[in-house]
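Q: Before we look at any one feature, could you show me how to read a residue's surroundings and then the layout of a sheet?

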Amino acid sequence: TARALQSNFERMWTAVITGRRPQFVKPNFERMFSILTSAPWPRQRFIRPVILEYIHRATQCIYITTPYFIPDLRLFQALRRAARRGVDVRVLIPATSDHKFVQRAAESYFSVCLRSGIRIIRYTKRFIHAKTFSIDDQWASVGSCNFDSAGFLYTHETNIASTQTEFVRTLREQFLADCRHSRAVSLAVWRRRPMSHKIIELLTWPFHRFF
């Protein structure tokens, strides 16, 4: 796994320096640990479809930690459908982002999320930069990819994913531990946010595909 990560880094580094398109391979799920990569070229984006597939399969819980939560429509609808079929869907994000416009873009999803049963939890201890995905007791992933279009489509990213019980449990337990330093967003309270915030949230929608 360490050698595979090193090899992927070297390919990405070479691609950035030379401008030549790297060739990554589809993840091998026969191994205990899989390397998921994403590069800004067609047929080289493997992280998003794998996450989407596991969201569709989820029956118990979906726990996401990400500093930037700006999913595309298909991913967002998959999360909403999961919540509506009784899956415990939680998204842990920073209480305050390091990019205000990106924060308003993320907040533009909150009302629909909360009405759909998706729980939004804001980490208050400090800025959280972890990117983790934990789905049921079956699969988890950690790496560089945010839950946004930039990470899934436009940048070089690498995640490690596994179905190993200890790996999945560790990431889930870390998520729950982080939740203890967080506060959940209440729909009733959220509806009372300033009108200026609501306007900025609306203005971010045309730019969601670029974040």
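A: Let us begin with burial: a residue is called buried when its relative accessible area is under 20%, and exposed when that value is over 50%. Please keep in mind that this is a predicted model.

Q: Is R193 buried or exposed, and where in the chain is R193 placed?

A: R193 has a relative accessible area of 15%, and because the cut-off for burial is under 20%, R193 counts as buried. Its place is in the loop that lies between α8 (187-190) and α9 (195-204).

Q: Which polar partners does the side chain of R193 have?

A: A polar contact pairs N or O atoms within 3.5 Å. Here a polar atom of the R193 side chain lies 3.0 Å from the backbone oxygen of W190, while the side chains of R193 and E201 are joined by a polar contact of 2.9 Å. If neighbours within four places in sequence are left aside, R193 is in contact with S111, K198 and E201.

Q: Turning to the sheet, in what order do the eight strands stand, and which strands are at the edges?

A: The sheet is open, with mixed pairing, and its order is β1-β9-β7-β6-β2-β4-β5-β10. The edges are held by β1 (33-38) and β10 (182-184), each of which has a single partner strand, so one side of each is left without a neighbour in the sheet. From one strand to the next, the twist averages 15°.

Q: How many bridges join β4 to β5?

A: Strand β4 (residues 88-94) and strand β5 (residues 119-123) run parallel and are joined by five bridges, and L92 stands opposite I121 in β5.

Notes: Residues numbered from 1 in each chain as written. Predicted model: local features only at pLDDT ≥ 70, side-chain atom pairs only at ≥ 80, totals over all residues. Heavy atoms only, no water. Helix = DSSP H or I, 4+ residues; strand = E, 2+ residues; numbered from the N terminus. Buried < 20%, exposed > 50% of the residue type's maximum accessible area, 1.4 Å probe, protein only. Polar contact = N/O pair within 3.5 Å; in protein donor to acceptor, adjacent residues only side chain to side chain. Contact = heavy atoms within 4.5 Å. Pairing = 2+ DSSP bridges. Axes fitted to C-alpha atoms, helices over the stretch in contact; angles between N-to-C directions.
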